[in-house]
Amino acid sequence: MPNLLNNLILKRCPHCSVDTPYLTTEATTSTADFQGNGKRFWSIYKCARCGGLVTASARSQTGAIQEMYPNGKQMQNEAIPDRVQSYLNQASDSLNAPSGSVMLSASAVDAMLKDKNYKEGSLYKRIDQSVKDGLITKEMGTWAHEIRLDANEQRHADEAFEMPKQEDAKRCLKFANTLATLLYVLPSMVTRGIEEAKSNEA
């Protein structure tokens, strides 16, 4: 983590994902618990590109940052296949280029479905089939149709089609991350929980 200075040094803005953002201090304060212990120094930074705010705290005025909100962490879980995780992280890194980010989120969804043996037909047809088969919920299927995972395909088919905006890219990434959690992370947690329970009984 960087230090609590006048400028917050990050690789990417946690809001717009622009590379090496210009984050300047907007406000500072300090807090402690009701007994006056655990003092923390806070700074609020603003991204010059998107206007998003980042809040960070340290134990001293210019010390190493201990907390940061939002933290801009990428999706990282050993249960998620490497290809899927790579697409998700690239989609997160490229939110400042919405068309590319949407394409990468769609690629992540495509890779997950193929990993679950849904390989034939368009992306949405495979999503619909996975709903019918009970792999994902009906609500997930509805959500998929409400976002713009197919934005790039539609853009090529219709020159008048509106280009995706950053909010569209964020919605697609949120869907893809949620799908990864449902298909890989939660089952892994359940399996680990069962194994721990059996281990405690032994």
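Modeller: Contact here means heavy atoms within 4.5 Å, while buried means under 20% relative accessible area and exposed over 50%, with partly exposed in between (1.4 Å probe, protein chains only). Helices (H or I, at least four residues) and strands (E, at least two) are DSSP runs, numbered from the N terminus. This is a predicted model, in which local features need pLDDT of at least 70, side-chain atom pairs count only at pLDDT 80 or more, and totals for chains, interfaces and linings use all residues. Residues are numbered from 1 along each chain as its sequence is written, and side-chain values use heavy atoms, with hydrogens and water left out.

Colleague: Which residues of helix α3 are buried, and against what do they pack?

Modeller: In α3 (residues 123–132), L123, Y124, R126, I127 and S130 are buried. They lie on the same side of α3, because they cover an arc of only 160° around the axis, taken from the directions from the helix axis to the C-beta atoms. These buried residues pack against α2 (98–115) and α4 (138–146), whereas K125 and K132, on the other side of α3, are exposed.

Colleague: How should I read the angle at which the axes of α2 and α3 cross, and which residues make the contact?

Modeller: Axes are lines fitted to C-alpha atoms, for helices over the stretch in contact, and angles run from 0 to 180 degrees between N-to-C directions. Angles under 35 degrees count as roughly parallel, over 145 as roughly antiparallel, 65 to 115 as roughly perpendicular and the rest as oblique. Here the axes come within 11 Å and cross at roughly 45°, so α2 and α3 are oblique to each other. A106, V109, D110, L113 and K114 of α2 meet L123, R126, I127 and S130 of α3.
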